[in-house]
Amino acid sequence: MFYKSIITIALIICFGTDVRAQFPDSTKVLAAVVPEKADKVGIARKGAPIFADERYVFKQLPRFLRGSGYIIGSMAGRNRIVPVTTGSLFVVTPLAGEPGSQEPVLHEQGFIKLDHPSFTLFSGQEVQIGIFKKDIVYDNFRLKDVRYEGWAVAFFDARPLPSITEPAQVSWLPGIEYGRSTRKWQGCPSITKTGTRLWAAWFSGGTREPDAGNYGIISYSDDGKEWVDPAMVITHPNSAVRVMDPQLWKDPQGRLWIFWVQNTGPKGFDGIWGTWAVRIDNPTSDKPTWTSPRRLCDGLTRNKPIVLASGKWLLPSYDWINHQSAVYISDDEGEHWTLQGGPLNKPISNFYEHMCVQLTNGNIWMLQRNVQESISDDQGKSWTSLQEVEELASANSRLYIGRLQSGNLLLVYNNDPTRKARKNMTARLSLDDGQTWPYELLLDERNNVSYPDVVQDDDGLIYVCYDRSRGGEKEILMAAFTEEDIKQGRFVGKQAKQKQLISKADD
């Protein structure tokens, strides 16, 4: 199981420490912070080391800071503090005018000075210091970094986030409290097929995405017409944790994998996220059984993994904190996952939801929202800079790219030359490894159709699921067709169908 820096530093982040009784000018909850890769987290107490590049230790601490977490950063170099939950962040630094003071920098980033007397933080301290506080709040789903150079120490809560330590609960054939009539919205679907059984997944709960009570829904159909909805739900017992973005995948052994993402922060994103999974080895059974939930890696998985020619599995999982379209690799059929690499995006709040396909020359081709591309020629370790694909104009939305049984490539996306509207859900076919896309089939011309996912069955039939108007029509839809239908540009085959309803939440 791979927890990256979060597990190697067993102490990290959480929230919830009540400091009101200790210091009346402070706020109720301390923010959580994720350490950088090389940083360590300590617990603030007398005698603990303060900096990584100096031997100073804590001599004195205000009561309300004792026992909180802090990053053992550099005393002279650059430091970045990454909040991952709302709450308060405290920073101690020399006052303005004193050597090494970061007070002006902190003021620029929204910190205020507390009315607290200077004290001797460590022996040899020859400057007056102050305590500064900032209330961390969401800005477009993101919690902004705090940056400074030199003499400063940041304090926060250092207990593990429940989304990292506590798995969700997986339930088969749940009660009516998860029925269609209870859903105020639903969307972000996935699809796969095991034997003759079609599976679909999406998420709902609360009043929107994101919201407290978000949970995953798994549905199935043995005839492609009638769906058991829901057949399974993925919920979290902790109200501070949301379950989001379930993703389905049938592995080469025919086993069904159900991935989902856990996040602490009922109304926003903790930034770490984390991809979890269970595996069902008997997916066609009336009473399937599954493995215990496992946390596979950091980040957000929103598309299927792929199997490389080497036999290794590649899993896309987006790193929100570092704006990286990261990929993880497994050489033991999903038991362990290791970060390979991934291209960096512009530092804006976007969900890139990248997906990969291996080309015939061995390179890995990544496509993501807008449509942007990157290529790796070393199994995902290094990547070219992301570039917009001019001939594939799309709305800012998830897409699907994959290889069909014929060897041709299939792309499903919102084909909009203006790059604005989530409309014109379109399947396109390439016979030359994505160099050209001469054939296309319009699946749904309406507005507010998005998030396609695809599976091709053993007979060559292609299934595409997508959502429509998540908070309005609240529909999960499906189209089925063959490569010949795409070449003909219309639904001509006997099994071809479009705009088929998988689920519609009741009004």
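Hi everyone. Let me start with a term: a polar contact here is a pair of N or O atoms within 3.5 Å, where one must be able to donate a hydrogen and the other to accept it. Keep that in mind, and remember as well that this is a predicted model.

With that cut-off, let's look at S74. This serine sits in the loop between β3 (69–71) and β4 (78–83). Is S74 buried or exposed? S74 is buried, because its relative accessible area is 17%, and buried means under 20%.

So what does the side chain of S74 reach? One partner is the side chain of D53, joined to that of S74 by a polar contact of 2.7 Å. A polar atom of the S74 side chain also lies 2.6 Å from the backbone nitrogen of G77. If we leave aside neighbours within four places in sequence, S74 is in contact with F51, D53, N79 and G150.

Now, on to the largest pocket. Its volume is about 890 Å³. How many residues line the largest pocket? There are 28, and W249, K250, Y400, R403 and Q456 are the ones that lie nearest its centre. Elements giving two or more residues to this lining are β11 (187–194), β15 (241–250), β19 (306–307), β23 (355–358), β27 (400–403) and β31 (449–456). Which of them gives the largest share? That is β27, with four residues.

Key. Residues are numbered from 1 along each chain as its sequence is written. This is a predicted model: local features need pLDDT of at least 70, side-chain atom pairs count only at pLDDT 80 or more; totals for chains, interfaces and linings use all residues. Side-chain values use heavy atoms; hydrogens and water are left out. On a 1 Å grid over the protein atoms alone, a cavity is a set of points where a 1.4 Å probe fits but cannot get out, and a pocket is an open set with protein on both sides within 12 Å along at least five of seven lines; lining residues have an atom within 4 Å of a point. Grid points are joined across faces, edges and corners, and a volume is the space filled by probe spheres set on the points. Buried means under 20% relative accessible area, exposed over 50%, partly exposed in between (1.4 Å probe, protein chains only). Contact means heavy atoms within 4.5 Å.
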